[in-house]
Amino acid sequence: MRSKIKKNLYSYSCGSVSSHITSFATVSFDSKTREKMKIMKETVKKIVKKNINTPEKLLEYVEKSGTRVIKVPFADKILSCVKEEEGFITPKSGLEALYLNVVLNKKIAFKTSEMFVLRDLPLNIYVMSHQFHKWYSYKMKLPGYDYAAQENFKKVFEFADPKKVQKLGYQDIMSLKDAIRRDVEAIEFVLELSREHEGSKKTLDKIKSGEKARL
């Protein structure tokens, strides 16, 4: 399914925009972005490996960096109402932010900052590493975390339908690609980490079971 989505995104045609999409698929990151990504990956790997047996320390790191961590019963059900999953939540605005503020912060406001929201359960180190990687990417200001990109990312599988892809504007497609890229990078990071500790297949099974049961 993911490969089909990529094919649709890269083959998107909308008049003069199609040539930009085609070239985008083959253009490398600029040197500044590549360097930032390299530094980020090395830093995240160092932090995660240091706390591989104490994933709770990763949340402490997040809090010390100024991102709020909220542990609440039924977090999974609360977040499902805004089509989010436990873990790192990017800033929200509008009705989504109002809902999260009322339920989690007991206040009325139409904006939220980035945060971690999860149940108070034992952490799965690999799922936590995936979320931590995405959070660190956001803090490093890598593209793909703006509101529109994240909203489209939540609906990414809908874009397997070419007709729905064609409804997106040029900037929407660019930002959606960035959002997909950030998630893929986080997954690749977890798989690379797992090879140093246990088989990748076993780790993937843990990620899947962890996502269903707990973060």
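The paragraphs below go through this predicted model from the whole chain to its sheet, one of its helices and several single residues. Because the model is predicted, local features need pLDDT of at least 70 and side-chain atom pairs count only at pLDDT 80 or more, while totals for chains, interfaces and linings use all residues. Residues are numbered from 1 along each chain as its sequence is written, and side-chain values use heavy atoms, with hydrogens and water left out.

The secondary structure of the protein chain comes to 11 helices and three strands, where helices (H or I, at least four residues) and strands (E, at least two) are DSSP runs numbered from the N terminus. Read from the N terminus on, these elements follow the order α-α-α-α-β-α-β-α-β-α-α-α-α-α. Of the 215 residues in the protein chain, 45% count as buried; here buried means under 20% relative accessible area, exposed means over 50%, and partly exposed lies in between, with a 1.4 Å probe and protein chains only. The protein chain exposes about 11900 Å², of which carbon and sulfur atoms supply 55%, with accessible areas taken from the Shrake-Rupley method with a 1.4 Å probe and, for residues, only the protein chains shown counting as cover. Among contacts (heavy atoms within 4.5 Å) between residues at least 6 apart in sequence, 73% join residues at least 24 apart.

The three strands form an open sheet in the order β1-β3-β2, and the pairing is mixed, where two strands pair if DSSP finds at least two bridges between them. The edges are taken by β1 (68-71) and β2 (87-89), each of which has a single partner strand, so one side of each is left without a neighbour in the sheet. From one strand to the next, the twist averages 30°. Strands of a sheet pair through backbone hydrogen bonds, either parallel or antiparallel. Between β2 and β3 (residues 115-118), the pairing is in the antiparallel sense and extends over three bridges, and glycine 87 stands opposite valine 117 in β3. Two helices lie across β1 and β3: helix α4 (residues 56-64) runs at about 135° to β1, and helix α6 (residues 94-105) runs at about 65° to β1. For these angles, axes are lines fitted to C-alpha atoms, for helices over the stretch in contact, and the angles run from 0 to 180 degrees between N-to-C directions.

Glutamate 86 is found in the loop between α5 and β2 and is buried, with a relative accessible area of 11%. Its side chain makes a polar contact with the side chain of arginine 119 at 2.6 Å; a polar contact is a pair of N or O atoms within 3.5 Å, and within protein one must be able to donate a hydrogen and the other to accept it, while residues adjacent in sequence count only if both atoms are side-chain atoms.

Helix α7 has 15 residues and reaches 20 Å from its first C-alpha to its last, close to the 21 Å expected at 1.5 Å a residue, the expected span being 1.5 Å times one less than the number of residues. This helix is mostly covered, with 13 of its 15 residues buried. Histidine 133 lies in α7 (residues 125-139) and counts as buried at 2% relative accessibility. Not counting residues up to four places away in sequence, histidine 133 touches Met40, Val44, Glu185, Ala186 and Phe189.

Most residues other than glycine have a negative phi, and most peptide bonds are trans. Lysine 141, which follows α7, has a positive phi near 65°; this lysine 141 lies in the loop between α7 and α8 (147-154) and counts as exposed at 69% relative accessibility. Phenylalanine 74 has a positive phi of about 60° although it is not a glycine. It lies in the loop between β1 and α5 (75-80) and is exposed, with a relative accessible area of 57%.
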